[in-house]
Amino acid sequence: MKRIHLNGLLLWMIKFLASAALYFSVGFAYHQLFSQYFEQTVEFAIPAGIALAAILLFGSSGFFGSLLGSFFLNLYLLQQPQSLFLSIILSMLIVGQAASCAILFKKTTQSAVPVSIRQLLKFYFFASASMLFFAFVASIFLFGSQYAFTEKIYSFLTIWWVEGITSILIFTPILVSLFHKPVKKNVNERLLWIFLSLVLSGMLVLVYFSWELEKDQLNLLIKEDSSNLLSNINTQLQKET
């Protein structure tokens, strides 16, 4: 009995450490390899799909492991005097989003992972809604700490939501499919989940990259059109007077 208990504890620790290491590694790799190419990116949201997959697969060990990985990643990214407090708050919010999505999904479907189109849609609804709520709260904290890279909170929130959902669309189905033992009759649905997730994430990434490449030109066009519109309005007002 004691040996079984020790084996269970060892397995819990392995899952805990694996979740923490993978979460931190993905965030760290993104920061080192890709963040330099984007003027506006919310790196905290990148490993969101790792946390959700870890919680779906491992439960409490995945939750606490993701929490630890998120804390150290946030501490590394912030690098501010008040970063310890902010790292704790952000970790709770980021991993809390994943936990709330997993709990809502399991409570409403009685299933560990999506195994049908209906469950898949419900899963993505919970993921999108919880990501929007927790990203909004986290954005308020970051704006209060003057960390945010933009003066407009809705821009920061939008980027956080897009990157977080993209992470969930990419990492969650891949990890769950690798480590969760599917029932044979549900293999096709699981493969469909991966396919749809990759298609949707590809579309989001394409839109995001297109915006990054064209945003300066779009902003210039908007300014020119606004200037021309104001000029025409002033001209008409002058004629009437």
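The protein chain exposes about 14,100 Å², and carbon and sulfur atoms supply 69% of that area; accessible areas come from the Shrake-Rupley method with a 1.4 Å probe, and for residues only the protein chains shown count as cover. This is a predicted model, in which local features need pLDDT of at least 70 and side-chain atom pairs count only at pLDDT 80 or more, while totals for chains, interfaces and linings use all residues. Residues are numbered from 1 along each chain as its sequence is written, and side-chain values use heavy atoms, with hydrogens and water left out.

**Overall architecture**

- The protein chain contains 7 helices and 0 strands, where helices (H or I, at least four residues) and strands (E, at least two) are DSSP runs numbered from the N terminus.
- Along the sequence, the order of elements is α-α-α-α-α-α-α.
- Of the 241 residues, 41% count as buried; buried means under 20% relative accessible area, exposed over 50%, and partly exposed in between (1.4 Å probe, protein chains only).
- Among contacts in the protein chain with a separation of 6 or more, 72% are made by residues 24 or more positions apart; a contact means heavy atoms within 4.5 Å.

**Helix H4**

- Helix H4 comprises residues 83–109.
- From first C-alpha to last, the 27 residues of H4 reach 38 Å, close to the 39 Å expected at 1.5 Å a residue; the expected span is 1.5 Å times one less than the number of residues.
- Just after H4, Gln 110 adopts a positive phi of about 55°.

- Phe 85 lies in H4 and counts as exposed because its relative accessibility is 52%.
- The C-alpha atoms of Phe 85 and Leu 75 are 9.2 Å apart in space, with the two residues 10 apart in sequence.
- Leu 90 also belongs to H4, but this residue is buried because its relative accessible area is 0%.
- Leaving aside residues up to four places away in sequence, Leu 90 touches Phe 44, Asn 74, Leu 78, Ala 138, Leu 142 and Trp 160.
- Of these partners, Asn 74 is 16 residues from Leu 90 along the chain, and their C-alpha atoms are separated by 7.4 Å.

**Thr 166 in helix H6**

- Thr 166 is located in helix H6, which covers residues 153–179.
- Thr 166 is buried because its relative accessible area is 10%.
- A polar atom of the Thr 166 side chain lies 2.6 Å from the backbone oxygen of Val 162.

Conventions
A polar contact is a pair of N or O atoms within 3.5 Å; within protein, one must be able to donate a hydrogen and the other to accept it, and residues adjacent in sequence count only if both atoms are side-chain atoms.
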